[in-house]
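Subject: Structure for you to look at

Hello,

Please find the structure below, with my notes under it. Keep it open beside the text as you read.

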There are 2 protein chains.
Amino acid sequence: MSTAPANKVPGSGDTLPTRQKGLDYFFSPSGVAIIGASRDQHKLGFGVVRNLRDCGYQGGIYPVNPRGGEILGYTCYPSILDVPDPVELAVLIVPVAATPGVMAACGERGIRAAIVVSGGFRESGPEGAQIEAEVASVAHRYGMRLMGPNCIGVIDTTTPLDTSFVAMPQPGNIGFFSQSGAICGGLINWTRGRRIGFSRFVSLGNQADVNETDILEFLAADDHTKVIAAYLEGVSDGARFSNVARRVSASKPIVVLKVGGTEDGTRAVSSHTGALAGSEKAYQAAFTQAGIIRAGAVEELLDWCYALSSQPLPAGDGMAVLTNAGGPGVLAVDALQRAGLHLASLEVSTLAALRTRFPPECALHNPVDLLAAADAGGYADALALLLADRNVSGVVVLHVPHVLVDAPRVLEAIGRTAQAQHKPVVASLFGDYAGTPELDVLHRFGVPHFPSPERASGALGALRRYGRWRQKPAAAAEDLQTVDRDSAAAIIREVRLSGRLKLMEAEARSLLAAYGVPVLAGEMAGTAEEAVAAAERMGFPVVLKIASPDILHKTDAGGVALNLRDARAVKRAFREVTSRSLGTFPEAVICGVQVQAMLSGGQETIIGATRDAQFGHLLMFGLGGIFVEVLGDVSFRVAPVSRPEVMEMMRETRAFRLLQGFRGQPAADLDAIADCLLRVSRLVTDFPEIEEMDINPLAVRGAGEGAIALDARVILRSSEAALR
Amino acid sequence: MSTAPANKVPGSGDTLPTRQKGLDYFFSPSGVAIIGASRDQHKLGFGVVRNLRDCGYQGGIYPVNPRGGEILGYTCYPSILDVPDPVELAVLIVPVAATPGVMAACGERGIRAAIVVSGGFRESGPEGAQIEAEVASVAHRYGMRLMGPNCIGVIDTTTPLDTSFVAMPQPGNIGFFSQSGAICGGLINWTRGRRIGFSRFVSLGNQADVNETDILEFLAADDHTKVIAAYLEGVSDGARFSNVARRVSASKPIVVLKVGGTEDGTRAVSSHTGALAGSEKAYQAAFTQAGIIRAGAVEELLDWCYALSSQPLPAGDGMAVLTNAGGPGVLAVDALQRAGLHLASLEVSTLAALRTRFPPECALHNPVDLLAAADAGGYADALALLLADRNVSGVVVLHVPHVLVDAPRVLEAIGRTAQAQHKPVVASLFGDYAGTPELDVLHRFGVPHFPSPERASGALGALRRYGRWRQKPAAAAEDLQTVDRDSAAAIIREVRLSGRLKLMEAEARSLLAAYGVPVLAGEMAGTAEEAVAAAERMGFPVVLKIASPDILHKTDAGGVALNLRDARAVKRAFREVTSRSLGTFPEAVICGVQVQAMLSGGQETIIGATRDAQFGHLLMFGLGGIFVEVLGDVSFRVAPVSRPEVMEMMRETRAFRLLQGFRGQPAADLDAIADCLLRVSRLVTDFPEIEEMDINPLAVRGAGEGAIALDARVILRSSEAALR
């Protein structure tokens, strides 16, 4: 598996895979039937016919209603079977119970795609869910694609086509899809005045057939779409979504507003990893790995798509701010820093040219404040100088309009100058300005406007985040030596045969060893004497740990004795460890005691994996002890991972500084940690039946000296769970 | 010092202190002279006359221009001296160099307050700064108050009065002041369409005379102002600002957008506290302690003030969301949680009533989704039920308008219902809707509208944060026993007499002991034999530490030897410690070696204080070791602090869980930590000349067992620095 950005849009060849899947019939059908069309202006069945007429759609428009007659001048057919050719798409606004029958009629008529607008299906209970399944099965039987039910359908400014009953958005190059219909209407209301334009606008509804990944693939292959935006409440197939998104974002940015970012906290877990992971962590990790830019609010989604749809990507982190007033300039600077960017140090030649051009009272370091007198010529000259500066990767231009200066002329000068350079320029007039001539001027030159300096800076931050993703080098495939899959399979088979799901420590250790993870050797001892003999073979001091399939948290059960320095101590510890464990867990089956060499030194880390219902295994990394237990200072990625991804995982933890060599301590062996993470990633990928596992601790020595697993826990998935 | 909210607005008695200071002349003058008035529509001198005429001001309007004639029908006087009574306020739009002379003429004429609009003073260099000082001194000489220079003056919707040249904001009850003039114009543009209204709107400019705290006091006493909003780049007197703000926010909310939240990182520091503190930390701490609500962006400033100006405060954290569409509802829920609130569990009776009233397909748990069919009656009934629920402290009402429902009727129903209960209601139509009839309806009922569900939830969060502040109980004054100020003064005097700024450890320990902080006893030893004798007196094991005024970081210099168990070890350590220290610092003066009992156990914490130029001493608390050094996990407050404030400080650190008793460990003695923090607070308040100090570590034992300072560093301020 590779994170390498591909050079081509998937499916941008001659044969579109999505065409074969029939999605094109939703966007460029030869004709549209509106089943449930109405003459009543307050009904959806009227709104859809009106929108189809008003949007400029060039194909046939065929209202269907048993009453016949005319709607808005179109002949109304009593049944879909009566509709003449050409017709490929049907929009259904009919009662829930009637939908399966109407769908079947559509199938008979040769309809290729159907949008079911009506609600009252799965979202309203088991009865509705059953009818929804029936509708999907009818569609499948006739080879029709189905959008919805419970959606507002498709608005397409490129065909053009509008099967909805809401207002049309501005034309543009943002492709948007949503799992909420209400969000669609709101976004259109919001974006019209701001001149944010869309190519395709899709409301997916209940996703009985067409789902978010289908539309993602369609928009990826769509030449009219430069940026993909989505409102998601969840994904139906995490693995497929991730794979497609990763491929797509190599050439087109995907910005997602994913809601429901809280956990219910009721899952039963038996490892640290399980306790700290969760579906929100999995979404976050999957989005990060797929290069998806995650917006935190509707306004961010729109702002960022607007910038990505109109501006080139910045090549670096250094930005300039150009303003005619100090306050807004400071707001932009603060927000640039919050967005992970910084103010560029201007080149000496730029500063000199600015000083020659502008009066001395102007602040000509970055941010460049031309003061209130700045006119069109001043803005043009300063912006040209900033864009030509090698240290500047992008510019936030602020212009607070006032009576002494002609704002449209200033904005035209900004627009013309911005066009001349291949660097991003974002603007703010400090105010809403929706629907004003000022925004029209900026729009003409493709310069995006944001109500506040902060939001302009934030949009530049999103451009840069996507730019960094695009700049990432291709990851080489990992060739892990010494992975013995057969031995691992045999160990797991044995555990299952003995009717268990929890591996004993020795089994867990063998499993890791089979995948090349260094583990501390140990011997099983059934008696105190055997324990002493084992200790003498491996050399004092040693550690004793209770071995029982029923005891996973050995320390808590009193089942661990550390630093035993001689035979007498081992003998006494054997008795204590067994009796304390049985005291805590009277019913536990004790198989004996593990004897291991006592290791000291090294930085304790934790590596874990847990299965996420959507995305597969979630890998975890963190420093051990309080870092994981008190601070929850861990990072996650979805397996399988690449070497650059595991390096990122390590750097993401706050305690990473401790591994780099802190206060004279030597740097830890980061390569050894990375290797272990890659091997655990491979292990859980090869054995999806691993439900949860922890290596805790993985003791990491200095650079080049390796890491070693001191303890491990592995829990398999029950066969029943696997069937669910 | 007490954080107790006062019951009265300061100065709300009969005699306004601000009246005596002459600020009222800026807002309700008997007449206004515009010096530099112009007939040219493109000049500020025209705009000011026009705005004064158009705003509805009832007093005399007197343009002044040597050319005489008429402007907009007003007689234009050649000089301020010619202007007839009544006139109290002058607005100056004259060249920089002419300003002192014009100001003097104003003084002669008996003008009481002057607004200097022109720029080109302090902000443009030393020459401008000198003229600015001259202008201020003229004002002082004549007892005139001066606003600016470099400002847009005052807009007052209550008098009404408008000395600016920008558009007038909507009338309302938010009092706003700004250190940036450009921000003012932008805000007005932004708020008009949203119906956010202002009582007084003040641009302070360079603050040569009237500053942010003066205006804060004025607005606090102003009956027309319910909420105070500010854009700040800095404050001129931190201590005065904090004291006034703390008093004001006990009865009126203050929302501040403070910019410039980054540190230059170039300060020279010699303690952990110094390294982690900084002016941004000081502002944050001062704002927290004064109850100031800090907005992170312009939109938050406006949103939050809008909510505070129109809604009652929520009594608890449990909120309800009422919607006609799922997606926007989820966005609101996510944002509520981000704002520190949660969804209320509805009472059984509420759920039952909702179930009776609404069809089964509606989602009637919280969030309550009435689905698209919801009409005015449905909204009214559901909102009434939610507001009557004892578990609900506030409601976010979302209505996504669509063709099937009459939005204005729904909004009227929401407005009427909201008015009937004393709980906050915030609304979003999911879209901008600025300037639409929909917003007029909501405005009529005083329900604030926010473009997005997220921003509506965020505003509810701000209401609750201020509500929590208002609910805080009054803090009792701390009566610290055993504070011996005279001994402390003697120690500091001795250090200064010996020509030093850094206290030696024994001196620092004595200083702390004088203020009742428990310190580990130690004895000085000049020879190895003295060290052994001391160790035998206090009992083994002991610690040796080098004692030198030149060595602050003893461990780094090899100047510490731990856990010495017998006389031989002490003897050897004495030699090693002295020779290693001299090896590291060959020039250091070695006074001997400190012998202390070796303490083990206890949780290591750090307490520190450092002087901030604006706010005085900043106290710091954190857990020791990696928590402070790697994670920077510390909290700050401005001294002096109350007991509830130091408890908050402790709880703010991420590692607080470790102090509460983690994994079977006993809880730490939080009272002992609090006591030490209070004593350090008293110490630095009594001795402002303490530049920086650390107690590192303060070893904290179990509850009731106390805490003890093991090491301390104190550095005094140089006399030259104190003079700066």
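Helices (H or I, at least four residues) and strands (E, at least two) are DSSP runs, numbered from the N terminus. In that numbering, B:P697 lies in strand β27 (residues 690–700) of chain B. The peptide bond from B:N696 to B:P697 is cis, with an omega near 5°.

Some ground rules come next. This is a predicted model, in which local features need pLDDT of at least 70 and side-chain atom pairs count only at pLDDT 80 or more, while totals for chains, interfaces and linings use all residues. Residues are numbered from 1 along each chain as its sequence is written, chains are lettered from A and ligands numbered from 1 in the order in which they are written, and side-chain values use heavy atoms, with hydrogens and water left out.

The two chains

Two strands pair if DSSP finds at least two bridges between them. In chain A, 7 strands form an open sheet with mixed pairing, in the order β9-β8-β11-β10-β12-β13-β14. Its edge strands are β9 (161–162) and β14 (293–295) of chain A, each pairing on one side only. Strand β8 (residues 153–156) of chain A pairs with β9(A) in the antiparallel sense, over 2 bridges. Within that pair, A:D156 stands opposite A:L161 of β9(A).

Helix α11 (residues 298–310) of chain A packs on this sheet and touches β10 (170–178), β11 (197–203), β12 (227–232), β13 (254–258) and β14 of chain A. The direction of α11(A) makes about 175° with that of β13(A). Axes here are lines fitted to C-alpha atoms, for helices over the stretch in contact, and angles run from 0 to 180 degrees between N-to-C directions.

The sheet in chain B

Chain B also has an open sheet of 7 strands with mixed pairing, in the order β9-β8-β11-β10-β12-β13-β14. At its edges stand β9 (161–162) and β14 (293–295) of chain B, each with a single partner strand, so one side of each is left without a neighbour in the sheet. Strand β10 (residues 170–178) of chain B and strand β12 (residues 227–232) of chain B pair in the parallel sense over 5 bridges. There, B:I174 stands opposite B:V227 in β12(B). Helix α7 (residues 212–220) of chain B lies across β10, β11 (197–203), β12 and β13 (254–258) of chain B, and runs at about 155° to β10(B).

Helix pairs in chain A

Angles under 35 degrees count as roughly parallel, over 145 as roughly antiparallel, 65 to 115 as roughly perpendicular and the rest as oblique.

The axes of helix α18 (residues 485–497) of chain A and helix α19 (residues 505–514) of chain A come within 8 Å and cross at roughly 160°. That makes α18(A) roughly antiparallel to α19(A). On the α18(A) side the contact is made by A:S487, A:A488, A:I491, A:I492 and A:V495, and on the α19(A) side by A:E507, A:S510, A:L511 and A:A514.

The axes of helix α8 (residues 238–248) of chain A and helix α10 (residues 279–290) of chain A come within 8 Å and cross at roughly 30°. These two helices, α8(A) and α10(A), are therefore roughly parallel to each other. A:F241, A:S242, A:A245 and A:R246 of α8(A) make the contact with A:A286, A:F287, A:Q289 and A:A290 of α10(A).

Backbone details

Most residues other than glycine have a negative phi, and most peptide bonds are trans. In A:L72, phi is near 55°, a positive value in a residue other than glycine. A:L72 is found in the loop between β3 (70–71) and β4 (74–75) of chain A. In chain B, the peptide bond from B:G148 to B:P149 is cis, with omega near 0°. B:P149 sits in the loop between β7 (145–147) and β8 (153–156) of chain B.

Regards

Definitions and conventions: Contact means heavy atoms within 4.5 Å.
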